[in-house]
Amino acid sequence: MESYTLWKTMISSGEEVTFWQDFYVKFYQAFIEADRWKQYLNGVGTTLLVTAIALVIGIILGVLVAMLRTAHDQQLPGHRNPLLGVLNVICSIYTTVIRGTPMMVQLLIMGMVIFSSSRNFTAVGALTLGINSGAYVAEIIRGGLMSLDPGQAEAGRSLGLGYIDTMRYIVIPQAFKAVLPALSNEFIILLKDTSLITCIGGKELLYAAQGIYSRTYEAMFPLIGTAVIYLVMVMILTWLQGKLERRLRESDRR
């Protein structure tokens, strides 16, 4: 602490210091002074919470949209359901609009137009990320469902299962294995995209880093520290993804 105070005074007064003295002062300012490491920790907690909420929303939306669009596409000629047709159009518009516009623009519209009166920017950010992720998850799952042999669904129907039960017990478990790598990549992208909610005032990891370098006037260490934390979280998710894929492969062999 005494060394930090001395070297900081030397830097402020314009005296020459070594590289390691300058490095130590900037590192101490970014992570240790005033317990600033706690701000990063709180930011990580918010980032993981936002990711979890958005993940749940994205999966629910994605599965519903994928099942509706798949059910529409698999209808027999001459046996078209008008309601499914309307829902398919709505789902198609949803995926087209969400995938065709930038995430940043969606966040700004949600934060400054639709929910302009709300002060809970983190919740608005989580909702927006979930809606955005749902469109991508829907297309990933729909691709997996459409890639399966139609005979799988027909076998379920022949056993007396309805459409929902056939999808739940036969089709979706098989499709899940096929789309797991793509879904895992989408979830990793979702984790990194949480940094974008800072643009509407969401208090996640990047927000904490911005608050620190606005007080220390030194951006390098807070931003590099934030990048390292994101990298570690992504590496953990990638490791978990690989472990899950190995377990699924082992279950297939049995």
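1. Tyr 217 is exposed, at 74% relative accessibility. Exposed means over 50% relative accessible area, buried under 20%, and partly exposed in between (1.4 Å probe, protein chains only). Tyr 217 sits in the loop between helix 9 (205-216) and helix 10 (220-253). Its phi is near 60°, a positive value in a residue other than glycine. Most residues other than glycine have a negative phi.

2. Two notes on provenance. This is a predicted model: local features need pLDDT of at least 70, side-chain atom pairs count only at pLDDT 80 or more, and totals for chains, interfaces and linings use all residues. Residues are numbered from 1 along each chain as its sequence is written, and side-chain values use heavy atoms, with hydrogens and water left out.

3. Asp 35 also has a positive phi, about 50°, and is not a glycine. Asp 35 lies in the loop between helix 2 (19-31) and helix 3. Asp 35 is partly exposed, at 39% relative accessibility.

4. What is the secondary structure content of the protein chain? The protein chain has 10 helices and zero strands. Helices (H or I, at least four residues) and strands (E, at least two) are DSSP runs, numbered from the N terminus. The radius of gyration is 24 Å, well over the 18 Å that the globule rule gives for 254 residues, so the protein chain is more spread out than a compact globule. That radius is taken over C-alpha atoms, and the rule is 2.2 Å times the number of residues to the power 0.38. Along the principal axes, the C-alpha atoms fill a box of roughly 85 × 50 × 20 Å.

5. Contacts and burial come next. Of contacts (heavy atoms within 4.5 Å) between residues at least 6 apart in sequence, 71% join residues at least 24 apart. Buried residues make up 39% of the 254 residues.

6. Ile 60 belongs to helix 3 (residues 37-73). Ile 60 is partly exposed, at 48% relative accessibility. Ile 60 and Val 137 are 77 residues apart in sequence, with C-alpha atoms 9.3 Å apart in space.

7. How many disulfides does a search of the whole structure find? The search finds zero; a disulfide is a pair of cysteine sulfur atoms within 2.5 Å. Cys 91 is buried at 7% relative accessibility. Cys 199 is partly exposed, with a relative accessible area of 29%.
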